[in-house]
Amino acid sequence: VVTEVDFSSLFHVNLPFTRSIFSGERFNYGVEALVPVKYLEDFPIFTALLSYDLNTGYKYLHTSGPVAQAVQGPYAMPALFPGIQLGDAFLIDAGIQELIPARAARILGAEIVISTTAFDELPFTDYDNPLRTVMRLVELVKANYSMPIVEAYSDIVIALDVGQHSLMDLHRGQMFVDIGYEATLRQMPEIL
């Protein structure tokens, strides 16, 4: 799916900028069309997604409900992609507290937690556009909040070297798959 779908076509600029720069409607419909089932609880392997509720300041685990709705909170980044109102909760990406959901996986009963990370130094130190500023903020949050969780709750950590790439490099799906595949192969003895 990652190599055959043009993910950049699933996001369109939200004019005027009211809730976010990009609208998520096309992406949500695209996810719904791509997944084999329509509800999280119907996946053959237990599936959960992690969000952060801006109203309460707590993390929110999606374990049931429509996939197209459940996926919107976990990818919503303030200003870039819209969050979702779900009952009393307003959900965004949980990366502000737990970018790699190792603790959430452990809480949900995982016996072995394999985490993939991308804690790279960025190849720039000037912030001449908003995307670079957001990328740097994400890196600081990952380093200060997520890495301690990864270290405490992961049995195996697969570190990926992707710091020179952008959040918006959606057209490089195969390259990212290859990076992850090769990094995983190097750790197969430990995984096995």
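**Close-up views of a predicted chain**

Glutamate 98 counts as buried, at 2% relative accessibility. Buried means under 20% relative accessible area, exposed over 50%, and partly exposed in between (1.4 Å probe, protein chains only). The model is predicted: local features need pLDDT of at least 70, side-chain atom pairs count only at pLDDT 80 or more, and totals for chains, interfaces and linings use all residues. Residues are numbered from 1 along each chain as its sequence is written, and side-chain values use heavy atoms, with hydrogens and water left out.

**View 1. Lys59, Glu98 and Arg103 are linked in a network of salt bridges.** A salt bridge here is a side-chain nitrogen of Lys or Arg within 4 Å of a carboxyl oxygen of Asp or Glu. Glutamate 98 meets lysine 59 at 2.6 Å, N to O. This pair links distant parts of the chain: glutamate 98 lies in helix 4 (residues 95-98), lysine 59 in strand 4, 39 residues apart. Helices (H or I, at least four residues) and strands (E, at least two) are DSSP runs, numbered from the N terminus. Arginine 103 also forms a salt bridge with glutamate 98; the closest N and O atoms are 3.7 Å apart. Lysine 59 is partly exposed at 29%. Arginine 103 is partly exposed too, with a relative accessible area of 26%.

**View 2. Arginine 106 and aspartate 155 meet in a salt bridge.** The N to O distance is 3.0 Å. Arginine 106 sits in helix 5 (residues 102-107). Aspartate 155 sits in the loop between helix 6 (130-153) and strand 8 (156-159), 49 residues apart from its partner. Arginine 106 is partly exposed, at 27% relative accessibility. Aspartate 155 is partly exposed, at 42%. The count for the chain comes to three salt bridges.

**View 3. Four strands form an open sheet in the order 4-3-6-5.** The pairing is antiparallel. Two strands pair if DSSP finds at least two bridges between them. Strand 4 (58-62) and strand 5 (84-86) are the edge strands, each pairing on one side only. Neighbouring strands of the sheet are turned by 45° against each other on average, direction ignored. Axes are lines fitted to C-alpha atoms, for helices over the stretch in contact, and angles run from 0 to 180 degrees between N-to-C directions.

**View 4. Strand 3 (residues 49-53) pairs with strand 4 over five bridges.** The two run in the antiparallel sense. Aspartate 53 stands opposite tyrosine 58 in strand 4.
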